[in-house]
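Okay, thanks for making time, everyone.

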Amino acid sequence: MSYPEQFSGFQAPSAEKWLEFEKNSWTPRPFGDYDVDIKIECCGVCASDMHTISGDWGGCPYPLAVGHEVVGKVLRVGPKVTLAKVGQRVGCGAQVYSCLDCRQCKNDNETYCKHQIDAYGAPYLDTGYTTQGGYSSHTRIHEYWVYPIPEAIASSDAAPMLCAGITVYSPLKRFGAGPGKKVGVVGIGGLGHYAVMFAKALGAEVWAISRSRAKEADAKKMGADGFLATSEKGWNEPHKMTFDLIVNTANSFDGFQLSEYLSLLDVHGRWNSVGLPGGEGVKVNNFDFISNGCFIGTSHLGSRREMLEMFDLVAEKGIKSWVEEIPISREGLQQAMEKLKKSSVRYRSCMTGYDEAFGARNPQSANLLLNLLTMSSAGIAEIPISPLSLTRRYQRVSAKTEITSVGMTPTSSSSSTTSAFSVSAAQSTGQSWVDFFDLSSQKGYTKAAGTHAALAPAEAGKNRVATLRDWTVQVGQGVEYHHGSTVLVRDFSTGKTVVELKEAVSEPVVWSNDGIAIAAGEGHGRMGVWDARTGARVGRVVSHIDNITHAAFMPDHKLVTLSRDGTVRITDPRTAKTISKLEIEGNGSTNPRLLAVSPNGRSIVSLWGNTVHIWLPKANHLTSYNLNTTRTTEGWPLCISPDTRWLVSRTENGFDIVDIASGQIAWENHQDGGVATMVTAASFSADTKVLLLGRMNGSVEVWDLDEGSAVENARVGVESLGLTGSKRN
Ligand SMILES: NC(=O)c1ccc[n+]([C@@H]2O[C@H](COP(=O)([O-])OP(=O)(O)OC[C@H]3O[C@@H](n4cnc5c(N)ncnc54)[C@H](OP(=O)(O)O)[C@@H]3O)[C@@H](O)[C@H]2O)c1
Ligand SMILES: [Zn+2]
Ligand SMILES: [Zn+2]
């Protein structure tokens with residue numbers, strides 16, 4: 001058996017024979033909703049790997065595959081994953097879990113969480129599974145510990161940063177390495193060489209502190225301003241009490257004179273010792289630090305936030321790792337361990353050649369299998385590749401001209417009170433009309449003049465709609481025209497106006513989820529928020545410097561807005577204060593196209609040009625990708641589902657639905673009919689079960705989505721397929 005039932009890798013068989021790596025297979029832990037499966041491409045070799053399997057740290061559960069500096073490609077993501085997508089190049093490091101809920105986790109200190117789990121040799125929650133590291137074919141990791149790797153960084157350069165890099169980046173950043181600071185780095189090995197480069201990149205004066213002068217030339221190339229060799233007599237004398245921070249990465253305490261190192265620190269300077277040699281440790285004497293009152297401490301890895309920051313810095317400054325690539329095999333790993341023991345690696349070994357060792361591990365068949373496992377029973381016979389299926393319920397002729405927008409009451413689509421509308425312009429006059437109808441009975445209501453409409457949640461009162469209406473009045477004798485727009489809240493069954501929103505003049509027009517508030521454009525990059533019952537203004541968004549094109553309420557009445565100024569803002573409308581802001585960079589930053597906020601307010605998905613941005617403001621996390629890199633055919637995006645999972649696009653000859661987390665097409669429809677029947681508008685029901693489409697020819701269609709649940713049947717289907725040679729088409 002192979003992936004996804006089995007992973008394989010090079011395991012150390014026992015303490016006695018820790019260097020006799022054996023290639024074994026094992027069953028991974030069960031795949032969870034937040035899990036990401038990664039096909040490993042390369043893995044750095046950390047001194048901690050050696051400490052662990054050699055018994056330096058007191059043994060480990062054998063057999064064990066170590067390695068916690070992993071880069072690879074995402075093969076599969078769980079249904080709740082938003083931080084990674086299939087096909088993406090990602091990394092993972094030395095930690096694979098924490099509770100994400102405790103004081104430490106909420107403070108970006110998740111590496112100190114008392115529930116934290118190591119990447120290898122640790123029991124994983126209550127699964128009975130012992131975590132296995134990156135000297136393996138695959139790994140399965142909770143999305144929080146999976147990090148996107150910037151394109152600019154090669155995989156084998158990025159891999160060692162996931163432990164060695166982050167372990168020194170975190171203390172350098174936390175303890176203020178920067179302009180005007182003198183920073184020392186003890187031990188120029190894997191961690192140390194990053195410490196020198198990062199401290200330099202952060203603007204500090206950096207001194208490499210090594211045992212001999214052997215690494216002096218290299219250290220200078222890495223950016224060291226000075227070099228101290230501790231084997232030289234009186235080496236510390238000229239530099240006593242001049243350092244602000246020393247990061248110690250020494251891997252052994254043999255002959256280690258702590259007092260000499262501490263004497264280098266200025267008053268209250270910091271000795272941050274990340275090295276973790278086995279054995280007894282070193283003795284500290286009060287008199288070693290009374291002369292400068294220095295602080296002695298340590299740090300453990302670094303947070304997700306710091307990880308992303310580190311990769312940004314590396315990409316921005318073009319920092320290049322010093323790596324020696326070694327093809328993975330028993331001999332390759334033995335060689336890497338030998339180099340670590342002798343401190344002869346310059347400066348990090350990275351195991352590569354995973355395809356040769358483990359096969360290509362073709363993601364095509366893996367994806368097919370995984371999709372089959374979740375697809376609907378109805379689809380088995382057709383070998384669909386997607387868990388989604390759509391069926392058209394009915395078509396309705398709503399107008400004679402192009403439908404420019406459609407929408408539904410944001411209630412459950414099975415509710416008997418769900419209404420729908422379409423907007424189109426009358427052929428003769430060009431005047432825009434909103435056509436309302438009942439979703440289940442198809443019964444029509446009165447039409448209303450308007451260019452845009454937003455149906456209210458049921459809570460706002462029966463049959464409420466907000467419409468934006470443009471008007472022109474002729475003032476006087478044929479010369480003077482007065483143009484304007486108003487937003488009216490009306491009852492669409494009777495046509496009566498309930499309230500008028502004073503000063504609301506433009507799109508977007510959106511309701512809060514509870515139907516209490518409505519936001520609408522006021523022009524000049526501003527929006528207002530009104531009480532939907534009284535029409536009284538209750539808030540504003542004023543910080544954008546260009547037009548606001550899209551808006552959506554969060555569950556707590558904060559308003560998310562997209563503007564042509566290239567920002568996504570979360571505003572508290574009552575105070576008009578920006579709570580959070582995301583700057584869109586690069587392509588599409590002046591072209592906001594779509595927006596959806598998940599019902600719990602946790603994720604904000606927006607489309608700018610062809611770039612999808614999945615922003616988790618609370619987690620301070622952003623995933624972005626270009627649709628052109630995941631789609632095989634061209635699509636013109638129309639809408640995002642309210643649960644932020646699906647993106648509907650018009651295509652050359654129909655429409656399709658992209659799974660936003662993976663960027664892959666999950667369902668597609670082809671039909672002929674040319675331009676006349678082209679899809680021009682789309683909108684989902686609040687529960688994402690119904691899709692409403694408008695077409696060029698004035699027709700409206702109601703489609704039902706089915707995500708299927710017949711996993712058992714699907715398994716049978718998979719086995720009979722044999723999983724080879726199947727392709728999506
Ligand atoms: N705290 C954390 O979160 C964390 C994370 C990862 C790793 N670690 C630990 O950090 C340590 C370094 O890992 P690494 O992968 O960078 O190892 P490494 O590549 O072997 O580098 C360690 C360096 O320490 C110096 N050194 C070795 N023995 C020494 C001694 N007796 N006295 C003084 N210096 C000595 C050597 O540099 P010179 O030749 O320049 O003297 C050596 O290159 C390991 O103990 C590892 O377990 C800790
Ligand atoms: Zn490590
Ligand atoms: Zn925690």
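Before I point at anything: axes here are lines fitted to C-alpha atoms, for helices over the stretch in contact, and angles run from 0 to 180 degrees between N-to-C directions. Helices are DSSP runs of H or I with at least four residues, numbered from the N terminus. This is a predicted model, where local features need pLDDT of at least 70, side-chain atom pairs count only at pLDDT 80 or more, and totals for chains, interfaces and linings use all residues. Residues are numbered from 1 along each chain as its sequence is written, and chains are lettered from A and ligands numbered from 1 in the order in which they are written.

So, the overall layout. We've got domain 1 (7-162 + 320-358), domain 2 (164-300) and domain 3 (388-707), with bounds from an automatic or database domain assignment. The C-alpha centres of domains 1 and 3 are 44 Å apart. Their contact uses eight residues of domain 1 and 11 residues of domain 3; contact means C-beta atoms, placed from the backbone, within 7 Å.

Now zoom in on helix 4, residues 164-174. Its axis comes within 8 Å of that of helix 5, residues 190-201, and the two cross at roughly 45 degrees. Angles under 35 degrees count as roughly parallel, over 145 as roughly antiparallel, 65 to 115 as roughly perpendicular and the rest as oblique, and helix 4 and helix 5 are therefore oblique. On the helix 4 side, the touching residues include Val168, Tyr169 and Leu172, and on the helix 5 side they include Leu191, Tyr194 and Phe198. By class, that contact has nine nonpolar, three polar and no charged residues. For the classes, Ala, Val, Leu, Ile, Met, Phe, Trp, Tyr, Cys and Pro are nonpolar, Asp, Glu, Lys and Arg are charged, and the others, Gly among them, are polar.

What about helix 4 and helix 9, residues 304-317? Those axes come within 10 Å and cross at roughly 100 degrees, which makes the pair roughly perpendicular. Here Gly165, Ile166, Tyr169, Ser170 and Lys173 of helix 4 meet Glu306, Met307 and Met310 of helix 9.

Last stop, ligand 1. How many residues surround ligand 1? There are 31, the closest being Ala47, Gly187, Gly189, Ser210 and Ala250, counting a residue if its C-beta atom, placed from the backbone, lies within 6 Å. Helix 1 (47-54), helix 4 and helix 5 each give that shell at least two residues, and domains 1 and 2 each give at least three.

Methods:
Two residues are in contact if their C-beta atoms, placed from the backbone, lie within 7 Å.
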